[in-house]
Amino acid sequence: MNRILIILMALSAAFCSKNPTSDSETVANAEKPAYAIVIHGGAGTILPENITGEQEAAYREALNTALTIGEDILNAGGSSRDAVEQTIIYLEDSPLFNAGKGAVFTSDGQNELDASIMDGATRNAGAVGGLHHVRNPIRAARAVLEHSRHVLLTGAGAETFAIEQGLDTVAADYFYTESRWEALERARAKEDQKSGALLPVDYKYGTVGCVALDKDGNITAGTSTGGMTNKRYGRFGDVPVIGAGTYADNATCGVSCTGHGEYFIRYAVGHDMTALMSYKGMSLEAAGQHIIHEKLKEAGGAGGLIAIDRNGNITMPFNTPGMYRGYARPGEREVGLFGEMAE
């Protein structure tokens with residue numbers, strides 16, 4: 001009788017070992033790539049009928065160039081921190097995206113720039129908000145991470161710190177682009193003239209972000225934005241708020257978000273991804289789908305996120321018609337603009 005019980009117990013143990021009880025166990029058993037990188041250039045009403053063939057080609061080229069910059073660093077054994085910073089610098093220098101050179105205008109016709117970066121190995125972070133003259137806000141965010149005892153610096157103080165760190169500054173008109181100015185004029189025209197309220201137009205989803213996993217297993221996440229067209233009162237969105245628009249932890253994943261920032265702040269989306277994985281044992285894919293397509297959508301929040309877990313898995317969920325996005329791993333690369341990735 002005892003021999004029968006022993007055999008049954010052994011068979012039971014063998015069966016359970018082949019049928020993991022949580023998604024996280026399945027992911028842990030997946031083959032890990034040497035590195036991985038994922039990027040986004042904002043989410044919103046991005047539809048084929050709203051973009052010319054020339055514009056689509058320009059976005060695809062920019063996304064591929066950004067991936068190449070980051071992937072070359074990672075493939076050469078560089079750090080995820082360097083890959084994220086250099087990738088975002090390229091996106092900030094492009095007028096195609098709402099960050100850096102392509103930043104949108106506030107209600108009083110200014111450009112206010114925000115950025116953040118987080119190191120998954122140490123969970124140290126740096127963020128800046130309300131910049132007017134720093135050419136690449138992601139560099140200022142990294143400087144805060146590495147050379148300041150603080151996490152978030154804003155306004156004139158952040159710019160003074162950036163200048164002390166030797167970062168490039170520019171005149172305010174460097175950020176001027178005709179298309180962004182026209183967007184401000186359209187937003188003003190649609191504004192409720194009686195109450196001054198901002199009407200719910202699609203002017204709030206532009207951001208750029210990057211998450212990378214390097215050969216040492218370290219994850220870094222970074223995000224940069226020009227904010228919301230026609231915004232007022234020194235408003236900050238989720239980008240400079242660690243745990244909302246950006247988060248990284250080597251034990252789980254790195255996240256960069258894009259969308260209506262107020263919702264991403266309220267639901268602490270960046271940290272919620274890691275919490276669902278850590279506390280509930282959810283996979284990266286399941287956690288992202290749950291947050292974007294259930295929690296945020298039910299609350300009325302629009303946008304998306306990109307994320308990489310410690311095993312090199314990637315997810316890019318969004319609940320808007322489109323999201324500029326792309327990823328690369330050794331021998332594998334894709335970019336997308338609209339609802340389908342197979343483009």
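Q: Which residues does arginine 81 touch, not counting those up to four places away in sequence?
A: In this predicted model, arginine 81 touches Ile117, Asp119, Arg142, Leu145, Glu146 and Thr220.

Q: Where does arginine 81 sit?
A: Arginine 81 is in helix α4.

Q: Is arginine 81 buried or exposed?
A: Arginine 81 counts as buried, because its relative accessibility is 19% and the cut-off for buried is under 20%.

Q: What does the side chain of arginine 81 make a polar contact with?
A: With the side chain of glutamate 146, at 2.8 Å.

Q: Back to helix α4. Which strands does it lie across?
A: Helix α4, residues 80–93, lies across β1 (36–44), β2 (113–119), β5 (208–213) and β6 (219–225). Its direction is at about 160° to β5.

Q: What is the strand order in the sheet of 8 strands?
A: The order is β4-β3-β2-β6-β5-β1-β11-β12, in an open sheet with mixed pairing. The edge strands are β4 (152–154) and β12 (332–336), and each of these pairs on one side only. From one strand to the next, the twist averages 10°.

Q: What does "pairing" mean here, in general?
A: Strands of a sheet pair through backbone hydrogen bonds, in a parallel or an antiparallel sense.

Q: How many bridges are there between β11 and β12?
A: Strand β11, residues 322–329, pairs with β12 over 5 bridges, in the antiparallel sense.

Q: Now threonine 225. Which strand does it lie in?
A: Threonine 225 lies in β6. With a relative accessible area of 4%, threonine 225 is buried.

Q: What does threonine 225 touch, not counting residues up to four places away in sequence?
A: Threonine 225 touches Asn98, Ala99, Glu112, Leu113, Asp114, Gly206, Thr207 and Val239. Its side chain also reaches the backbone nitrogen of glycine 227 at 2.9 Å.

Q: How many residues apart along the chain are threonine 225 and valine 104?
A: They are 121 residues apart along the chain, with their C-alpha atoms separated by 8.8 Å.

Q: What about contacts in the chain as a whole: what share comes from residues 24 or more positions apart?
A: Such residues account for 69% of the contacts with a separation of 6 or more.

Q: How many bridges join β7 to β8?
A: 3 bridges join β7 to strand β8, residues 253–259. Threonine 246 stands opposite serine 256 in β8.

Q: And how many join β8 to β9?
A: 7 bridges, with the strands running antiparallel. In that pairing, glycine 254 stands opposite isoleucine 308 in β9.

Q: Which way do the residues of β9 point?
A: Gly303, Leu305, Ala307 and Asp309 point one way, while Gly304, Ile306 and Ile308 point the other way. In general, side chains in a regular strand alternate between the two faces of the sheet. As for cover, 7 of the 7 residues in β9 are buried.

Q: In the hairpin of β9 and β10, what does glycine 312 do?
A: Glycine 312 takes a positive phi near 85° in that hairpin, which has 4 residues between the strands.

Q: Last topic, the largest nonpolar core. Which residues touch the most other members?
A: Phe97, Val128, Tyr324 and Leu337, out of 47 residues in that core. Another core lies apart from it and has 18 residues, among them Val38, Ala248, Ile308 and Phe318.

Definitions and conventions:
Residues are numbered from 1 along each chain as its sequence is written. This is a predicted model: local features need pLDDT of at least 70, side-chain atom pairs count only at pLDDT 80 or more; totals for chains, interfaces and linings use all residues. Side-chain values use heavy atoms; hydrogens and water are left out. Two strands pair if DSSP finds at least two bridges between them. Helices (H or I, at least four residues) and strands (E, at least two) are DSSP runs, numbered from the N terminus. Axes are lines fitted to C-alpha atoms, for helices over the stretch in contact, and angles run from 0 to 180 degrees between N-to-C directions. Contact means heavy atoms within 4.5 Å. A nonpolar core is a set of buried Ala, Val, Leu, Ile, Met, Phe, Trp, Tyr and Cys residues joined through side-chain atoms within 4.5 Å. Buried means under 20% relative accessible area, exposed over 50%, partly exposed in between (1.4 Å probe, protein chains only). A polar contact is a pair of N or O atoms within 3.5 Å; within protein, one must be able to donate a hydrogen and the other to accept it, and residues adjacent in sequence count only if both atoms are side-chain atoms.
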